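This briefing concerns a single protein chain.

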Amino acid sequence: MPDSTASAATLILMFAALPIWVAAGLADYFCHRASAIETTSGPAESALHLLQLSLTRPRFDNDALARVRTQMIQTIQQGEAQPPTVANRVFYRAFFNGHAYAHPPDGEISSLSGVTQEDLRSFARAHWVKGGLRIALAGDIGADAATKLLADTLKPVSGATPPPPPPVG
């Protein structure tokens, strides 16, 4: 009896499970071979595709711009009610008098209120270029695969050189 059970299990595995497994693998291969990276790729390809979209076609939607501006202004207003934040701002303004470091890193309400969608687009066109990018990849990826992924991702990105940083001294 044990012999017939083992041989039945072997027959089921060889003539049912194995062919189904091979057919599923082949179907998966043929489906993904001719598909678009945007919809059927792995996490690395999907993330790099999103990077490509953000570098080449940034949206800066008005509702998102308004939401982030409101959040930043609220953060500044909350900081104005905190003695350590107020002391920090006064110290930096006095110590770095006239220097770029005297400005608060979160900005000021008056400057944030004036930022427009076109300002952001102009900044992106000028600064989000190959000459200004620094990208680090980490994880289970080799140098050759990473180089190919980045080359494909950055192909449509402008090859311009970004403007130099403003003087701080």
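Phe 91, Tyr 92 and Phe 95 together make a nonpolar surface patch of about 330 Å². The model is a predicted one.

**Patch and its helix**
- Tyr 92, one of the residues that make the nonpolar patch, is placed in helix 5, which covers residues 83-95.

**Overall fold**
- The protein chain contains 8 helices and 0 strands.
- In sequence order, the pattern of the protein chain reads α-α-α-α-α-α-α-α.
- Among contacts in the protein chain with a separation of 6 or more, 75% are accounted for by residues 24 or more positions apart.

**Surface and burial**
- The protein chain has 169 residues, of which 13% count as buried.
- Its accessible surface amounts to about 12,700 Å², and carbon and sulfur atoms contribute 64% of this area.

**Ser 54 and its surroundings**
- Ser 54 lies in helix 3, which covers residues 43-56.
- Because its relative accessibility is 34%, Ser 54 is classed as partly exposed.
- The side chain of Ser 54 reaches the backbone oxygen of Leu 51 at 2.8 Å.
- Ser 54 and Ala 124 are 70 residues apart along the chain, and their C-alpha atoms are separated by 9.5 Å.

How values were computed. Residues numbered from 1 in each chain as written. Predicted model: local features only at pLDDT ≥ 70, side-chain atom pairs only at ≥ 80, totals over all residues. Heavy atoms only, no water. Patch = residues over 30% accessible without salt bridge, like charges linked within 9 Å, V, L, I, M, F, W, Y side chains within 5 Å. Areas by Shrake-Rupley, 256 points an atom, 1.4 Å probe, with all protein chains shown as cover. Salt bridge = Lys/Arg side-chain N within 4 Å of Asp/Glu carboxyl O. Helix = DSSP H or I, 4+ residues; strand = E, 2+ residues; numbered from the N terminus. Buried < 20%, exposed > 50% of the residue type's maximum accessible area, 1.4 Å probe, protein only. Contact = heavy atoms within 4.5 Å. Polar contact = N/O pair within 3.5 Å; in protein donor to acceptor, adjacent residues only side chain to side chain.
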